[in-house]
Structures are given as structure tokens and as C-alpha cells.
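Thanks for coming, everyone. I'd like to walk through the contacts between chains in this structure. Please have a look at it first.

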Amino acid sequence: MMRHILVAVIVVLFGLIFARMVGGYVELDALRPLALDYVTRAPVELGTPNIITGILITYRGFDTLGEVAVLFMVAASVGLLLKKDDAKPASAKVSSPKVSGEKTAAAKPVLAKTEAARAAAARSAAAKANASARAATAGSVAVKSTKEAAPAEDDEAAPREASEIVRTGTEILLPLIFTFGAYVIVNGHLSAGGGFQGGAVVASGVMLMLLARPGSTLNVALLSIIESFAGVFYVGLGILGLVLAGGFLDPRFLPKGEFGAFISAGAIPLISALLGIKVGAELSVIIDRFRS
Amino acid sequence: MTTGLPVSTILLTTGFLLALIGIWGMLTHRNILRIIIGFAVMDTGLHLVMVATGYITLGTAPIIDGALSKADAASRAIDPIPSALVVTAIVIGLSVTAVMLAYAIRLYAAKKTLSIDAFTESKW
Amino acid sequence: MLEFLLLLVCASILVSGVLAVCLKNVLPAMVASGLASLFAAVSFLLLAAPDVAMAEAAIGSGLATFIFLYAIRKTGNGKG
């Protein structure tokens, strides 16, 4: 009881602070000077119609780089925390390597294809939707066939099979979700979206795949390699900006192009695609760590 | 049915109230998972507050296209800086939640309970 | 009309937040917190910030809820 009164006092004090902040707040009717500077400069200097993406990737590009580093550290530390203890009985291990090894081998081309499709989508505008959809479809078919080839013969820990409706729905939705994720990533400089949002959409597609096929495994090693390379290329583009243009992560070393065209805004679409790949891979790894 | 208040003030108040609800939940519960849920609620409330402070009366999204010309942008677009900050804050919020949940799972594996009353080693 | 929608969304956010904190069982509480996140995404749209709305809808109400689900399953359904 005493504790509840104390908590109520704390909440009331916070409430007083917040009430003062609300009381002193008036809705803006013009932009603040810094925002005005960004809004007027970003379309002219960078050639990006979406000013938020311009701020995220260029003006606050260092922040974004630091943030994906934080995300990487979170993926690593979650893996460390949720690592299986070595004290587990050996019998459970003996049966699993055969099945999981088989699945991992089959899952590798799947993910490779999806990633390759996303990388290709970043470069060529024409074939992006088709390629990604095809790769994703091929991926889901491949996972399904392995699932059926290796029936769940694990011991009591074997997850329950998803129902017919869930599996069929996943087959229809998964290509759409991956295509939408790729679209959001590569159109970040033109419309709402960008690397973070698209990466999250792709990760939620991966989540759906894991939900519908509880037995399938994700190739975490390949995902780690992909996201490490994305990080290296991200920093490499930043250094290119330092050498060829005004500063670290300055995207103006590539031509600005026509305002509002798909290939425009210098290196912003490239950086956005790398960011999307990195965020998508890291979030997928975090989900998989929690699942296993 | 009109309140006469501006849009952003209403949502600012909502965000602060949600943050207060989250703080209340974090401080009253003894179950670690409930504390983390309270943290997630508080997080959402503070995101709402930050985006609300960037709103401009009758503003539109800062994306230049057919509906918003370059010349108009300075007078009609909302403040893009809070939006850009909140996009990163959401991702970091998920990361912090994930680390907390990983610790919760480890603590449960150690003591087979989630109540913080059972974890007395670190008390002084 | 828009004002009514706004007040409806605000009420939904607050009710979901209260449910997330007050519900006895952890699983419904977790779903309620994801719901608060989803309504917050709608309100970001009303504040003319579609980028944030997209991130909140995908991450806050999608991935976070899902990670909670796995954590609840691994901690004996959140009892104790």
C-alpha cells in the first residue's frame, strides 16, 4: 500500500511537469529556423523530394550510421544472452544436426536469392518488382519442399505444424510483402519510406515465414555476412563522399539527375538500399534468436 | 463536436498521458514482463509527444511532389526534424525492448520466476 | 469530422494503454500495448508524418509484439 502511494506521488509529479509543458506549448505556425534551412536546402542541394530521407541519410547521416551500429550490437548481445547452455543433454543434439543441416543447406539459396533480388532492385528500376517477386516465390516454394521432405521427427520440442490456411496465405502474401519492402527501400528518396521502414517491412515478412513454418531455420551466418558487407559498403560510400564531395556521407559525388526521377539525388538511393538491407538482416537475426 | 484546441495540443496531451500510464505500469508491477510492457507504452507516448511538437497548423508531409511545390514547401510543410528523430527512436526502442526481453528470459532460466522480489542479490 | 476522428483515435490510444497496464494476464496486456502502438501510427498520419507512421506500424506494433510473444512463451507464459 505504501508503495502504491509513493508511485502515485511520483506519477503526479511527472504529471505536473508534463502539464506545465502542455500549458506552455503553442502550435507552431511557421517552421523553426533550422527546419526552414533544411526544407529549403534539401530539394535544391541534394535533389531529394522526401526531405525526411535527406535529413536521415545526409544531414544526420552520422547519427544513422551510429544507429545501425547500435542495432548490430543489439543483435550480437541478444545472441550472446540467448545462447543455448552447454549443459544440455547430448541426446537432443545428436538428432538435430542432420535435419537442421539439411534445412540450412536448402535455406541458403533462398535467402541469397532474396537478397540478390533486393540488391538488383536498388540498381535497376525496370525489373525490380518482377525479380523480387519471382525470387520470393521461389524462396517460399523451396522452403516448403524441404519442410515436406524432412518431416518433423524431432522429439517433444518439435513445434506444432501451422494450419493449411496459414501456409497458403503465407505463400500468397510473402512475395507481396517482400516486393513492397523492396519498393519502400528503393523509393525512399521519392515518397514516404526509406531504409528503416523498408527493412522493417522485410523483417516482418521473414517473421511471417518463420511463423507459418515453425520447423524451418534461417541461415543466420549468411545474414550476418550480408549485413557486415552492407555496413562496409555504407562506410565506403561515406568515405567516397569525403574524398569526392564535401564531407563524410555526402551523397553529391554522383550526379543529382532529374528532380523526382527514380535515379536521382546522388548516392541517396544507394545508401538507402544498403541501410534497408542492413536493418532487414539485423531485425531478422534478432527475431530468429528469440525463436530458437 | 469541436473542442477548439489545435490538433497537435490534443495529441501532445494524449502522448503525455500515455507516458504517465506507462510510468505507472512500470512502477507498480512486480513482474518483469509487465515492467517491460509499461516501458513500451511509455516509449510510444513519448514518440507521440515528439512528433506532435513538429506539427504546423494545416501542415502537410514534407515530401515535394505535385501537391507541394518547392516554393510552397517552406510555408506548408511540417517540421521534418522531429519526424527524422522519431524514426530512429522507434528502431532504438525496439532494440532496447529486445535486450530487456533477452535479460528477462535469462533471469527466468536462472530462478524460474519473473517476480523482481526473487532477485535479491543486487540489493544493497 | 476530422476532429471527431482525432478524438476517437486519442481515446483508443488511452484505453489501449490502460488495458496494457491493468490487464491481469500478460498475453492480452501485450496485445493491448501493440494496439496502442497501432493507434499511435494512425495519429502520426493525422500529424502529417507518414514516414513515422510506417515505421511505427511495422516495428512498434508488428515486430515488438512478436518478440514479446516469443519471450512470453519462453518464460512459462509470463506467470510469477
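Let's begin with chain A and chain C. Across their interface the rule finds 4 residue pairs in polar contact, both residues at pLDDT 80 or more. A polar contact is a pair of N or O atoms within 3.5 Å; within protein, one must be able to donate a hydrogen and the other to accept it, and residues adjacent in sequence count only if both atoms are side-chain atoms. Three helices of chain A, α7 (164-186), α8 (195-212) and α10 (268-291), each supply at least two residues of the side that touches chain C. Helices here are DSSP runs (H or I, at least four residues), numbered from the N terminus. α8(A) gives the most to that side, with 7 residues. By class, the side of chain A that touches chain C divides into 13 nonpolar, 5 polar and 2 charged residues. Ala, Val, Leu, Ile, Met, Phe, Trp, Tyr, Cys and Pro count as nonpolar, Asp, Glu, Lys and Arg as charged, and the others, Gly among them, as polar.

A word on the basis. This is a predicted model: local features need pLDDT of at least 70, side-chain atom pairs count only at pLDDT 80 or more, and totals for chains, interfaces and linings use all residues. Residues are numbered from 1 along each chain as its sequence is written, chains are lettered from A and ligands numbered from 1 in the order in which they are written, and side-chain values use heavy atoms, with hydrogens and water left out.

Back to chains A and C. 20 residues of chain A are in contact with 13 residues of chain C, where contact means heavy atoms within 4.5 Å. Together the two chains bury about 1,500 Å², 77% of it on carbon and sulfur atoms. Buried area is the accessible area (1.4 Å probe) that two parts lose on being put together, summed over both. In chain A, the residues that lose the most area to chain C are A:Q197, A:M207 and A:F290, together 34% of what that side buries.

Next, chain C with chain B. Here 46 residues of chain C are in contact with 49 residues of chain B. The pair buries about 3,800 Å², 81% of it on carbon and sulfur atoms. On the chain C side, C:V21, C:L47 and C:F68 lose the most area to chain B, together 18% of what that side buries. The count of residue pairs in polar contact is 4, both at pLDDT 80 or more. α1 (2-22), α2 (26-46) and α3 (50-74) of chain C give two or more residues each to the side that touches chain B. α3(C) gives the most, with 13 residues. That side has 31 nonpolar, 9 polar and 6 charged residues.

So much for area. How many salt bridges does the structure hold over all chains? The total is 7. A salt bridge is a side-chain nitrogen of Lys or Arg within 4 Å of a carboxyl oxygen of Asp or Glu. B:D79 forms one with A:R32, the closest N and O atoms being 2.5 Å apart. Between chain A and chain C the rule finds 0, and between chain C and chain B the count is 0.
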